[in-house]
Amino acid sequence: MQRYILRRLMQGAVLLVVLAIVVFALARVTGNPADLLLREDATAEDRAHLLKALGLDRPTHQQLLIFLKGAVRGDLGDSIRYRKPAVEVFFERLPNTVGLVSIALVGAMVVAIPLGMLAAVGRGTLVDRAAGAVAVLGIATPSFWLGIVLIYVFSIQLGWLPSARMGTPAHYVLPVITLGAFLVAGMMRLVRSSVLEVLDSEFVKLARIKGLTQTVVLWKHCLRNALIPVVTLFGVFFALLVTGAIVTETVFAWPGVGRLTYEAVIFRDYPLLQAVILLKAIIVLGVNLVVDILYAYLDPRVRYA
Amino acid sequence: MSAGPVLLELRDLHAHLSTRWGVVRAVDGVSLTVREGETLGLVGESGCGKTMTALSILRLLPQPAGRIVAGQILLEGEDLVPKSERQMRRIRGRRISMILQDPQTSLNPVFSVGNQLVEALRVHRAGPRRRLRALAQEALRQVRVAAPAQRLRDFPHQMSGGMKQRVVGAIAVSGPPRVLIADEPTTALDVTIQLQYLTLLEEIQERTRLAMLFITHDFGIVARICDRVAVMYAGRIVESGPTRELFAAPRHPYTQALMAAVPRMDESVERLPAIDGQPPALQRLPPGCRFAPRCRHADDRCQREYPAVFAVGREHEAACWRAESSPSR
């Protein structure tokens, strides 16, 4: 297991270096920050001065080396807009996103697992069909639309919940629902199909032959097996959301890393953009590693392989 | 082995499965008895209803498709058909149990063998964990698993197929049940392991005097382990009798054809005879004898009318019109 983790860490490091180079290149082909930072009446001299201050006057390969050297030391440059280290800006925002995403994910699981189980057990019944319809709706509804509709109904019309920014627990409700709707749908379908598969298995038949109750058969024998694919999905979703809750965070003006990404792109703050993308990549790699370890816990066949 | 009182009796059992293609009459009027200490072999081709008969007895037909539509299942004289699910749970494992065909899939891969065995023990008896663990070790010892204390900690994938099937056996007889259904328990095992497993089942039976319903399509195994045989075709039993007698003088053309298809050590043949045609689809059964379309001796009456069951010997019966006229010995 330790060797496996070590190998995975090495693979991750290689991947990060490649990614760093790609990010570096991409940031430079999509435009120049000086265009945005300078006032409209700035002179050529002002422009040269700014480029020098930002280090953008040097040859590209030198810029890359400086960037990589810094990156190894954990220094990804200063944000142009915030005028402080990009890493610091990122980590100030990260807890806001992790909080939002964790609540959405746990909430989604709490709803999706019993619902998926219920749909599987009552396959073909009204419950199953209703759950299926809700799932399709959840997957098909774009989050920017759902977010706006929720704001319109609950903040503007009813005035029950705040529409934007952080603060009280009430601020979490709408963004969590927006993120969660999509999650519940996907997870429920997955739980349903994997429970169905497990219900058909011989070991479930043997469990029944032993005289076990339906509750034990479902929540012990089925759940653990059915959760194996769900855990994979959970990891993928967590990584996806921490890095990709851009739309939801933008709609709700949520001060997380998703919105930070959006801002970094809009303001051509590419030290920040580089930092955001690299740090997100590290999070994705880390989460995947944790998921694989969790997997080994759930499935002894992996543990001893 | 001397047989005692009847422990399991099926009386005209009918079980249907509703599928997309119509209602399948998987078990269509099966009657049989198994006595204490006796082994009844239930033989027939794949898809003839053997496994469905077994699942009916445990009231574990696939849901929601399967249901028992008529007949009685008498366990020690008590009818199981009207029992509730709750009542059945108290019967499963403790009074009737079953060994499944494929040991590779019948144990849950994510729980240790000990966990699954202790769980089976705990269903029907209370006791401190340590005592149940000890009982589990004893159960493994009885199915001749070496070093049971260590094996309890193993996960199924760490065991061989034969070992897993022993564990399944240990789980099945942990009740200990009065009736054991073995659904082709050796089909998935190596030939060398098969014999060991059959011997093991015989030992268990000798010790506990349980009644065994042994489902197989292997006449070699029938000859080895069964006291009596029932031959099933298209959801019905077409012939039944003591193994020795049925082997010596099969009366139903289907049984005869099956026997002819078994290779013999003392004859060399170019090609084994096969039965022409396919068994009928169970959702569109012919009105008369189900075997008539494939039977060499079939006449008009066979096509029209399902044959009655005729006694053709001591405890030997055949459902064939030809058995009517032939003198019983």
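Which domains does the domain assignment of chain A give? It gives domain 1 (2–72) and domain 2 (93–303), with bounds that come from an automatic or database domain assignment. The model is predicted: local features need pLDDT of at least 70, side-chain atom pairs count only at pLDDT 80 or more, and totals for chains, interfaces and linings use all residues. Residues are numbered from 1 along each chain as its sequence is written, and chains are lettered from A and ligands numbered from 1 in the order in which they are written.

The centres of domain 1 of chain A and domain 2 of chain A, taken over C-alpha atoms, are 33 Å apart. Residues are in contact if their C-beta atoms, placed from the backbone, lie within 7 Å.

| Domain of chain A | Residues in the contact |
|---|---|
| Domain 1 | 14 residues |
| Domain 2 | 12 residues |

On the side of domain 1 of chain A that touches domain 2 of chain A, α1 (2–29) and α2 (33–37) of chain A each supply at least two residues. α1(A) gives the most to this side, with 10 residues. Helices here are DSSP runs (H or I, at least four residues), numbered from the N terminus. By class, this side of domain 1 of chain A has 11 nonpolar, 2 polar and 1 charged residues; Ala, Val, Leu, Ile, Met, Phe, Trp, Tyr, Cys and Pro count as nonpolar, Asp, Glu, Lys and Arg as charged, and the others, Gly among them, as polar.

Helix α7 (residues 143–157) of chain A and helix α8 (residues 170–199) of chain A have axes that come within 9 Å and cross at roughly 140°. Axes are lines fitted to C-alpha atoms over the stretch in contact, with angles from 0 to 180 degrees between N-to-C directions. The contact of α7(A) with α8(A) includes Leu150(A) and Phe154(A) of α7(A) and Ile177(A) and Phe182(A) of α8(A).

Key:
Two residues are in contact if their C-beta atoms, placed from the backbone, lie within 7 Å.
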